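Dear colleague,

I am passing on the structure below, and I would be glad if you could look through it alongside the notes on salt bridges that follow.

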Amino acid sequence: MSTRQPLKLQTLDQLHALERERPGLMKELIRLFVGDAPRQMRLIDTAYGKRDPEGLRQSAHFLRSGALALGLGWLAEQAGLIEHLDFHDYGRPES
């Protein structure tokens, strides 16, 4: 069972350290992620509907990478599941 911890504290500490070194960087990273995540989610949905495994993997990978960079573990975990979804599972309710 997942604890659904919204942020990994180690990653948050690293982001704060980066922010001290480069003021404004954390805000910019968050802005980029928030701006791009909805597009990646739409691309995931479109690729899934078209049964396009490569498009699905690519968009899920980008979403997962951004979530990991910000310590969003649960979101990264879910995007990873989509990224590695077996083609034969497309269309099944559990996928």
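R64 is partly exposed, its relative accessible area being 22%, where buried means under 20% relative accessible area, exposed over 50% and partly exposed in between, computed with a 1.4 Å probe on protein chains only. R64 forms a salt bridge with E83, with 2.7 Å between the closest N and O atoms; the term stands for a side-chain nitrogen of Lys or Arg within 4 Å of a carboxyl oxygen of Asp or Glu. This pair links distant parts of the chain, since R64 lies in helix α3 and E83 in helix α4 (residues 73-83), 19 residues apart. E83 counts as buried at 9% relative accessibility. Helices are DSSP runs of H or I with at least four residues, numbered from the N terminus.

Please note that this is a predicted model, in which local features need pLDDT of at least 70 and side-chain atom pairs count only at pLDDT 80 or more, while totals for chains, interfaces and linings use all residues. Residues are numbered from 1 along each chain as its sequence is written, and side-chain values use heavy atoms, with hydrogens and water left out.

In helix α2 (residues 25-50), E28 and R31 are three residues apart and so separated by about one helical turn, and their closest N and O atoms are 2.5 Å apart. E28 is partly exposed at 32%, as is R31 at 49%. In helix α3 (residues 53-69), E54 and R57 are likewise three residues apart, with 3.7 Å between the closest N and O atoms of their salt bridge. E54 is exposed at 52%, whereas R57 is partly exposed at 35%.

Key
Helix = DSSP H or I, 4+ residues; strand = E, 2+ residues; numbered from the N terminus.
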